[in-house]
Each structure stands twice: as C-alpha cells, then as structure tokens.
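Work through these exercises with the structure open beside you. Try each task before you read its solution.

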Amino acid sequence: MRLPRSFSGWTIAVFGFLAFALGLLGLISPGTLLGMLGFEVLDVRPAGDYTLVYMAASSMAAVNMGVYYLFAASHDYTPFFRWTVPFRLVTFAVFTTLVLTGAAPGKFFGVGLWEGLGAVITGFALWREGKLVPSRQSAEVA
C-alpha cells in the first residue's frame, strides 16, 4: 500500500488507521473500549443484554471503515475525501446531541469531537489544495 500523496490524503489515512485500530480493540477487548468511551463495564451481563453483540458489530464496521479510508488515502481518491466531510460533520452533530441530552456519557463527546475536528481538518486540507469543490472540467470527463 502506498503512502498518501497529499495533506488531505494524510488526514484520511490517520482517521482510517485510528478507526481500524479502535475497531480491533473493540473486537479484542470490548470492555476496554466501553470504558474509554465512558460507559459502565459490567462483569456479568443480564439476559437480553446485547451490548457485546452491538460492540462486535460496530467494531467490525470500524475495522472495515478504517480499511476503506486507508485504501482511499493510498490512491489519493479525492472524491471520497470530499464525501467524508459532510457525513463526519453529521456524525459530530448526532454524537454531540447524544451527550448533551444525557443519552451518552460525557466521555463519548470525544468520539464526536474526533469526527468533527477530522472533518474540518480534511475540509481545510482539500480547500488548501484547491480540491474542496470538484472542477467542471473533471466533472465533464466523468
């Protein structure tokens, strides 16, 4: 796999690596990840508690997402970089709302902040490189 060739590519690669690594952590040690996020870690789970199943599913999704981001970064796939910015800002809004309404613990705000800051940094990098908005010329070729 090639290293990213642009600042925006590096922002995507870093995000992808962290998503991959934290997804693996969630698969290997869900309690550790739950604790990092501020959720209560139970020694014994009651019948009907599917927290560990949900952790496995979301952690596997994070692993997959991390791989997608790393591949996109290694190929300098700018359209993907652009698509991530608004969706990561929406994720920031949703996760922050969960914390503000008391549905999630305060430490969970870190996940929203990670998404929001990452989106802003990627957006800035794309803007600085002149790639934030696709050019008409490249749109006509596609």
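**Exercise 1: Glycine 23**

Leaving out residues up to four places away in sequence, glycine 23 touches Ser59, Ala62 and Val63. Contact here means heavy atoms within 4.5 Å. The model is predicted: local features need pLDDT of at least 70, side-chain atom pairs count only at pLDDT 80 or more, and totals for chains, interfaces and linings use all residues. Residues are numbered from 1 along each chain as its sequence is written, and side-chain values use heavy atoms, with hydrogens and water left out.

Solution. 
- Step one: find the element. Helices (H or I, at least four residues) and strands (E, at least two) are DSSP runs, numbered from the N terminus.
- Step two: check accessibility. The cut-offs for relative accessible area are under 20% for buried, over 50% for exposed, and partly exposed in between (1.4 Å probe, protein chains only).

**Exercise 2: Phenylalanine 15 and tyrosine 69**

Task: classify the ring pair of phenylalanine 15 and tyrosine 69.

Solution. 
- Step one: recall the description. A pair of aromatic rings is described by the distance of the centres and the angle of the planes.
- Step two: apply the rule. Rings of Phe, Tyr and Trp (its six-membered ring) pair if their centres lie within 6.5 Å; planes under 30 degrees apart are stacked, over 60 edge-to-face, and the rest tilted.
- Step three: read the search. The whole structure holds eight aromatic pairs. In one of them, phenylalanine 15 and tyrosine 69 lie 4.9 Å centre to centre with 40 degrees between the planes, a tilted pair.
- Step four: locate the partners. Phenylalanine 15 is in helix α1 and tyrosine 69 in helix α3, 54 residues apart.
- Step five: check burial. Phenylalanine 15 is buried because its relative accessibility is 3%. Tyrosine 69 is at 7%, so tyrosine 69 is buried too.
- Step six: widen the view. Ring pairs join Phe15, Tyr69, Phe80 and Trp114 into a cluster.

**Exercise 3: Arginine 88**

Task: describe where arginine 88 lies relative to the ring of phenylalanine 15.

Solution. 
- Step one: find the element. Arginine 88 belongs to helix α4 (residues 78-100).
- Step two: check burial. The relative accessible area is 4%, so arginine 88 is buried.
- Step three: look at the ring. Arginine 88 lies over the face of phenylalanine 15, 3.8 Å from the ring centre. The rule asks for NZ of Lys or CZ of Arg within 6 Å of the ring centre and within 35 degrees of the ring normal.
- Step four: list contacts. Beyond four places in sequence, arginine 88 touches residues including Ile12, Tyr69, Trp114 and Glu115.

**Exercise 4: Helices α3 and α4**

Task: decide how α3 and α4 are oriented to each other.

Solution. 
- Step one: take the axes. They come within 10 Å and cross at roughly 140 degrees. Axes are lines fitted to C-alpha atoms, for helices over the stretch in contact, with angles from 0 to 180 degrees between N-to-C directions.
- Step two: classify. α3 and α4 are therefore oblique. Under 35 degrees is roughly parallel, over 145 roughly antiparallel, 65 to 115 roughly perpendicular, and the rest oblique.
- Step three: name the contacts. Tyr69, Ala72 and Ala73 in α3 meet Phe80, Phe81, Thr84 and Arg88 in α4.
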